[in-house]
Amino acid sequence: MKRVFFSLLFLLLTGAVALAWTFSPALLDPAPLQAMELPRATPPAGMSLSALPTGSMKSRAALAYRGGRFSDEREFAMTAILVRHPRGDLLFDTGFGRRLEQHLAMQPALMRATATFSKGTPAAEQLAAHGFDPARLAGVVITHAHWDHVSGLDSLPGVPVWVTAAESDFIAGGGDMTSVARSLDRLELKPYRFADRPYLGFTQSLDIWGDGSIVLVPAAGHTPGSVIAFITLPSGARYALLGDLVWQAEGIDLPAERPWLARTLVDVDAQAVRANIAHVAAIHRRFPQIRMLPAHDARAMAALPVFPAAAQ
Ligand SMILES: [Zn+2]
């Protein structure tokens, strides 16, 4: 009996130590970039970028990146980004929608247990409140189809949702992580494909309006069809909308991946995420003028003008 007790205790302790180790710091190695110029862009006058904060989630730095502390409470932003362009205005992700409670109830219990959520005003309502008819949007470009990036789509009926073919398949394939996307009525998916045109070391890209001002690149791993959007404004200001490649800026700055528990819960391919983090970290070191915007980093999002204010 005693022996069984001590064997169990030993197993429990080694399990606890192993779990604790998965939260310990472990820096990724940014791959050196080939000699490379900042890509050319000719953003037209009238182009601008605004943030639409739709709510937030409170969690811990330890759950966002390896080496983060449990005592370090972090606000996770839920922010949609409006990019206006004479050829068409695009919304990048939606953040929380008006049916947040319903969408939250569809998430894994562990996710609900490790965070607290607060609801703001859906992006579509913020646009309408300032005289911008959301139906005028040329599309909603989603960085990926997780619930907190698509929850607000139900207030944007008829607006096409631009997704990669891989993400469209991911939604159609079932699974908890895309249940909210499938539950939305009148979801008008508009799958697109990338061209074999390199961009900042990514082998493929899609230059949406042909002027280099908005360029999407595939960044699979968090989900099969995750993308990063590189935005260049007329002022020369540059941004990278990273989606959930990392959850907090330290993910790129250190760089560091999510801890095992979070990776297991949310990423489909940890190795691909790791490779993309290392690559984006290398871009960040080489071109520090590109502002890195992890979708949930509240500090990075707070630095953006809130609609109707806009960076140009
Ligand atoms: Zn996600």
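Trainee: Which residues is Trp147 in contact with, leaving aside its neighbours within four places in sequence?

Mentor: Contact means heavy atoms within 4.5 Å. By that rule, Trp147 touches Phe96, Leu100, His103, Leu104, Gln107, Met111, Phe117, Met177 and Val180. Keep in mind that this is a predicted model: local features need pLDDT of at least 70, side-chain atom pairs count only at pLDDT 80 or more, and totals for chains, interfaces and linings use all residues. Residues are numbered from 1 along each chain as its sequence is written, and side-chain values use heavy atoms, with hydrogens and water left out.

Trainee: Is Trp147 buried or exposed?

Mentor: Buried means under 20% relative accessible area, exposed over 50%, and partly exposed in between, with a 1.4 Å probe and protein chains only. Trp147 has a relative accessible area of 4%, so it is buried.

Trainee: In which helix does Trp147 lie?

Mentor: Helices (H or I, at least four residues) and strands (E, at least two) are DSSP runs, numbered from the N terminus. Trp147 lies in helix α6, residues 147-150. Arg182 is 35 residues away from Trp147 in sequence, yet their C-alpha atoms are 9.8 Å apart in space.

Trainee: Now the sheet. In what order do the five strands stand?

Mentor: Two strands pair if DSSP finds at least two bridges between them. Here the order is β8-β9-β10-β11-β12, in an open sheet with mixed pairing. β8 (206-207) and β12 (290-294) stand at the edges with a single partner strand each, so one side of each has no neighbour in the sheet.

Trainee: How many bridges join β8 to β9?

Mentor: Two, and the strands run antiparallel. Leu206 stands opposite Leu216 in β9.

Trainee: How do the partners of β11 run, parallel or antiparallel?

Mentor: Take each in turn. β10 and β11 run antiparallel, joined by four bridges. Phe230 has Ala240 in β11 as its bridge partner. These two strands form a hairpin with five residues between them, and Gly236 in the turn has a positive phi of about 100°. β11 and β12 run parallel, joined by five bridges. Gly243 has Pro294 in β12 as its bridge partner.

Trainee: Why is β11 largely enclosed by the rest of the structure?

Mentor: Six of its six residues are buried, so β11 is largely enclosed. Both faces are covered: Arg238, Ala240 and Leu242 on one side, Tyr239, Leu241 and Gly243 on the other.

Trainee: Which helix lies across β10, β11 and β12?

Mentor: Angles run from 0 to 180 degrees between N-to-C directions, and axes are lines fitted to C-alpha atoms, for helices over the stretch in contact. Helix α11 (residues 270-286) lies across these strands, at about 145° to β12.
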